[in-house]
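Here is a short briefing on selected side-chain packing and local contacts. Please read it with the structure open.

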Amino acid sequence: MNGKFTHQLLAWYDANSRDLPWRRNSTPYGVWVSEIMAQQTQIDRVVQYYGRWMERYPDLFSLAQAHEEDVLKLWEGLGYYSRARNILKAARLIDDQFAGVFPTDFADIRSLPGVGEYTAGAISSISFGQTEPAVDANVLRVFSRLLDMATPVKETASKRNIEAAVRDLMPDERPGDFNQAIMEFGALVCSKRPSCDECAVQVHCLAYENSTVGERPILAPKKKTLKIEMVTGVLVHGGQVLIQKRQPDDVWPGLWEFPGGGIEEGETPEQALVREYQEEVELDIIPGEKVTVVSYAYTRYRVTMHCYLCHLPNGDAPEPVFNEAVEGGFVMPRALSDYAFPAGHRRLIEFMRSDLRFSDFLLDS
Ligand code: SF4
């Protein structure tokens with residue numbers, strides 16, 4: 001591959017790149033937010049969230065003044081909430097240490113919370129015109145085919161080889177477009193099922209020449225998924241429901257939830273719910289109607305969550321002690337939309353809102 005490859009790829013990009021909001025004016029703030037959102041997330045969802053985000057926090061200054069609770073709420077549904085917390089931390093750090101101006105030096109950008117090699121490369125090249133590669137999964141896939149790489153693509157040595165190849169081919173003019181062109185090409189043409197017949201750089205592709213496209217990239221064996229059974233209960237008292245905020249060192253720190261937890265061996269979901277309420281908030285509850293079962297995935301876990309309504313024995317005054325939460329309390333059901341919940345609990349709330357058995361209770365309280 002050579003300058004001809006670079007020229008052909010950029011020509012393809014100029015003719016075929018999608019009109020995405022953060023490409024219209026490539027400010028470091030906009031590129032940064034979009035790149036963090038795009039990790040593990042489909043592009044059409046990113047476009048939606050990006051628009052809402054920019055309305056609420058149009059610049060670094062407005063973000064640096066934000067409350068974490070509001071940022072998490074805006075992020076709700078995108079998952080991987082550490083990304084949102086890191087964006088906020090980084091905005092405050094830029095405000096504090098760089099006088100509110102996005103740093104231009106690669107090492108400074110890389111040092112921001114939540115910013116890895118890839119994101120730093122994307123911001124440096126797209127917003128500041130620096131010749132830094134931005135190697136994401138798309139780029140790894142494309143180059144593993146172009147180079148017909150016979151080693152697992154996620155191994156450090158493979159990544160380094162690809163990074164060096166990108167750096168070699170990167171033009172001094174338009175380095176940001178070059179990085180985006182490879183990613184866009186990986187998303188639209190050299191995707192998991194590549195469209196080799198429509199490929200603008202086919203002539204440079206060693207895997208195509210060697211008929212090994214179907215074997216590239218070489219991936220490490222997938223980690224086994226783990227199944228978990230959980231239970232949660234919506235405790236209703238006096239027309240209000242109990243929620244609590246997760247601890248900083250917990251999974252989904254800072255998000256809200258209904259108390260509950262893992263079902264232990266030999267327990268029924270109802271027994272687990274009674275135990276969890278006792279352990280977490282020191283309340284003796286009575287499990288009531290089963291609302292639904294919610295299934296969701298996070299990292300390599302596949303969770304099945306049994307969801308109940310529950311109440312206190314007659315006459316018991318609710319005085320929860322929050323042993324496993326930062327804070328908590330009873331709130332009106334209609335106020336639940338003011339809090340950010342992890343996916344499973346959010347789905348439970350959505351289910352209750354859509355089911356006539358519960359909609360009156362949730363909307364009219
Ligand atoms: Fe990808 Fe096929 Fe083009 Fe090779 S020929 S770069 S595998 S789309």
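In H10, the buried residues are Asn138, Val139, Leu140, Arg141, Val142, Phe143, Ser144, Arg145 and Leu146. The model is predicted. Nine of the 10 residues of H10 are buried, so this helix is largely enclosed by the rest of the structure.

- The buried residues of H10 pack against H1, helix H11 (156–169), helix H12 (175–188) and helix H13 (206–209).
- At the start of H10, a side-chain oxygen of Asp136 comes to within 3.1 Å of the backbone nitrogen of Asn138.
- Asp148 follows H10 and has a positive phi, near 50°.

**Aromatic pairs**

- The count of aromatic pairs comes to 12.
- One of them joins Phe5 and Phe143: the ring centres are 6.3 Å apart and the planes stand at 75°, so the pair is edge-to-face. The cut-off for that class is over 60 degrees.
- Phe5 belongs to helix H1 (residues 3–16) and Phe143 to helix H10 (residues 137–146), so the pair ties together parts that are 138 residues apart in sequence.
- Both partners lie under the 20% limit for buried residues. Phe5 has 1% relative accessibility, and Phe143 has 0%.
- The rings of Tyr298 and Tyr301 have centres 5.2 Å apart and planes at 35°, so this pair is tilted.
- Tyr298 is partly exposed, at 22% relative accessible area. Tyr301 is also partly exposed, at 26%.
- Trp252, Tyr296, Tyr298 and Tyr301 are linked into a cluster by ring pairs.

**A charge over a ring**

- Which ring lies under the charged end of Arg52? The ring of Tyr49 does, with the charged end of Arg52 sitting 4.6 Å from its centre.

**A buried glutamine**

- Gln244 is located in strand E2 (residues 240–245).
- Is Gln244 buried or exposed? Gln244 is buried, and its relative accessible area is 0%.
- The side chains of Gln244 and Glu280 are joined by a polar contact of 2.8 Å.
- Leaving aside residues up to four places away in sequence, Gln244 touches Leu255, Trp256, Glu257, Pro259, Glu280, Val281, Phe322, Ala325, Glu327 and Gly328.

**Points to revisit**

- For H10, look again at Phe143: this residue is among the buried ones of the helix, and its ring pairs with that of Phe5.

Key
Residues numbered from 1 in each chain as written. Predicted model: local features only at pLDDT ≥ 70, side-chain atom pairs only at ≥ 80, totals over all residues. Heavy atoms only, no water. Phe/Tyr/Trp six-rings, centres within 6.5 Å; stacked < 30°, edge-to-face > 60°. Helix = DSSP H or I, 4+ residues; strand = E, 2+ residues; numbered from the N terminus. Buried < 20%, exposed > 50% of the residue type's maximum accessible area, 1.4 Å probe, protein only. Lys NZ or Arg CZ within 6 Å of the ring centre and 35° of its normal. Contact = heavy atoms within 4.5 Å. Polar contact = N/O pair within 3.5 Å; in protein donor to acceptor, adjacent residues only side chain to side chain.
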